[in-house]
Amino acid sequence: MRRVSLQQLNWEQYLADFNALASIGQNEAGGMERLAFSEADQQAHKLLAQMAENAGFEVKWDGAGNLWITRRGTDDGNPDFPPLLLGSHMDTVPDGGKYDGLLGVMTAFHAMRLLDQVPQRRTVTLIVFRCEESSRFNCATIGSKLLAEQLTGQMLKSYVDKEGISAYDAIRELGGNPDNLYLERKYIKDSFGFIEMHIEQGPVLGERNTDIGIVNHIAAPHRFHIIVKGTAAHSGACPMGSRNDALTGAAEIILAVERLGREYADQRIVATVGKCDVINGAMNIVPGHVELYVDIRGIDQEIVTEVVTKLHMELAEIASKRNLSIEPTILSQERPVKLDDDMAEFLVEQCLKNMLTFLHMVSGAGHDTMYMAKLTRAAMFFVPCEKGISHNRAEAVTDEAVQNGLRLMYATLVRICTLDPEDEREKAEMDRLLIEEAYQ
Ligand SMILES: [Zn+2]
């Protein structure tokens, strides 16, 4: 029996800490309102920093406003034992759920605290990334993108919220400087690797009754804005044969997007038209101007390109067949990210030892891990959330799922941080340690 016991997890303390943080920014209906850099977001960061200081950890905020919590090991500074990094976020969408982001942060933080139970050699640092959600500035994962040099301070000036405050000003307001992240970037580049835990935000684990999803790819969206133009006309006076209807043309585009998604479903493509605006639409007007928003995601860049190319061919065909003007513009074109196999292997090993069922999966949603993967070896795992509901106050996760995630995070930390992962004798010694503890 090698499974980490519930007693080892110190469950009561975990719950108390999680609930204290989850109550910050909660609205009357029970939804979370912790928009990035808002007062509630700031309050949550401060409370977690306080908890970390009380636990004897080092705390700092970087130039992007990300919170860094470090627990030093006895081999700190030894280049053979570079630090292990963990991370997730605490900001939420409006009226969001309790678990998106916060569960990963609290699991990592608590697992770090549980290292009291073992001889920790490797330093562990938890990074709480700022502004993972795009709700406030229409720009997601700002904290991790800045670290990975995918954004600059200058670029942040153009992302503005409803009140006219830019993401740049929000960071400056906190005393940050988004262009000053050199040391942090180096720390990540020199690290052992990075692990993020998150709720799945989809139904796969629940449907397959599986404890853990080990993510090996994060799909990236290709997004288009498509303007379809025909001729607006009187719905009574314009005969069917003389029409130039932009909306029926748009309907063909929507069906083409769905058909392509289905055709390539085996190759992990998902394709969606999530928004359709009829400009100056009215019941008695044949639509002359429609705008569509298309989101296509996959894990293989070549397949995504193939689907996008086919869609463009269909657009040309629909335009000529219906005598419409169809103009697509690219909104974003991110590349799918493959995560690190060796880091994932540590998770697999600990799933097996802890009797957790797991499957390898793709994350359709984007995460901070995508950007950490540009700097270091990155891994990510999911626990199921009920019915796959997320970004919604109805988001729910069972105690068992939380405990399984915590168990896996702790066991993986013990594995990587107490002993040399390359040394087989040390591995055997670690097994003995965990076995003894399980029987305590
Ligand atoms: Zn999240």
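These legends go with close-up views of a predicted model.

**View 1**
The C-alpha trace spans about 85 × 45 × 40 Å along its principal axes. Of the 440 residues, 46% count as buried. Take the contacts with a separation of 6 or more: residues 24 or more positions apart account for 77% of them.

**View 2. Helices α2 and α4 packed together.**
Two packed helices are described by the angle between their axes and the distance between the axes. Here α2 covers residues 11–22 and α4 covers residues 102–114. The angle is about 145°, and the axes are 11 Å apart. The crossing of α2 past α4 is right-handed. On the α2 side, the contact is made by Tyr14, Asp17, Phe18, Leu21 and Ala22. On the α4 side, Leu102, Met106 and His110 take part. Six residues of this contact are nonpolar, one is polar and one is charged.

**View 3. Leu102, a residue of helix α4.**
Is Leu102 buried or exposed? Leu102 counts as buried because 26 C-beta neighbours lie inside 10 Å, and the cut-off for burial is 20 or more. Beyond its neighbours within four places in sequence, Leu102 is in contact with Leu21, Ala22 and Met90. Leu21 and Leu102 are 81 residues apart along the chain. Their C-alpha atoms are separated by 8.1 Å.

**View 4. An open sheet of four strands.**
Strands of a sheet pair through backbone hydrogen bonds, either parallel or antiparallel. In this sheet the pairing is antiparallel, and the order is β9-β11-β7-β12. The edges are β9 (270–278) and β12 (325–333). Each edge strand has a single partner, so one side of each is left without a neighbour in the sheet. From one strand to the next, the twist averages 20°.

**View 5. Strand β7 beside β12, with two helices on the sheet.**
Strand β7 (residues 220–229) runs antiparallel to β12, and eight bridges join the two. His222 has Gln333 of β12 as its bridge partner. Helix α10 (residues 246–263) packs on the sheet and touches β7, β9 and β11 (289–298). The direction of α10 makes about 165° with that of β9. Helix α11 (residues 301–322) also packs on the sheet, touching β7, β9, β11 and β12. The direction of α11 makes about 160° with that of β12.

**View 6. Asn209 and Asn280, each with a positive phi.**
Most residues other than glycine have a negative phi. Asn209 has a positive phi of about 55°. Asn209 lies in the loop between α9 (204–207) and β6 (212–218). With 8 other C-beta atoms within 10 Å, Asn209 is exposed. Phi of Asn280 is positive too, near 55°. Where is Asn280 found? Asn280 is in the loop between β9 and β10 (285–286). Asn280 counts as exposed, with 9 C-beta neighbours inside 10 Å.

**View 7. Gln7 in helix α1.**
Helix α1 covers residues 6–9. Why does Gln7 count as exposed? Gln7 has 10 C-beta neighbours inside 10 Å, and a residue is exposed if the number is 12 or fewer. Gln7 and Val128 are 121 residues apart in sequence. In space they are 27 Å apart, C-alpha to C-alpha.

How values were computed. Residues are numbered from 1 along each chain as its sequence is written. This is a predicted model: local features need pLDDT of at least 70, side-chain atom pairs count only at pLDDT 80 or more; totals for chains, interfaces and linings use all residues. Axes are lines fitted to C-alpha atoms, for helices over the stretch in contact, and angles run from 0 to 180 degrees between N-to-C directions. A crossing is left-handed if the near helix is turned anticlockwise from the far one by less than a right angle, and right-handed if clockwise. Two residues are in contact if their C-beta atoms, placed from the backbone, lie within 7 Å. Ala, Val, Leu, Ile, Met, Phe, Trp, Tyr, Cys and Pro count as nonpolar, Asp, Glu, Lys and Arg as charged, and the others, Gly among them, as polar. Two strands pair if DSSP finds at least two bridges between them.
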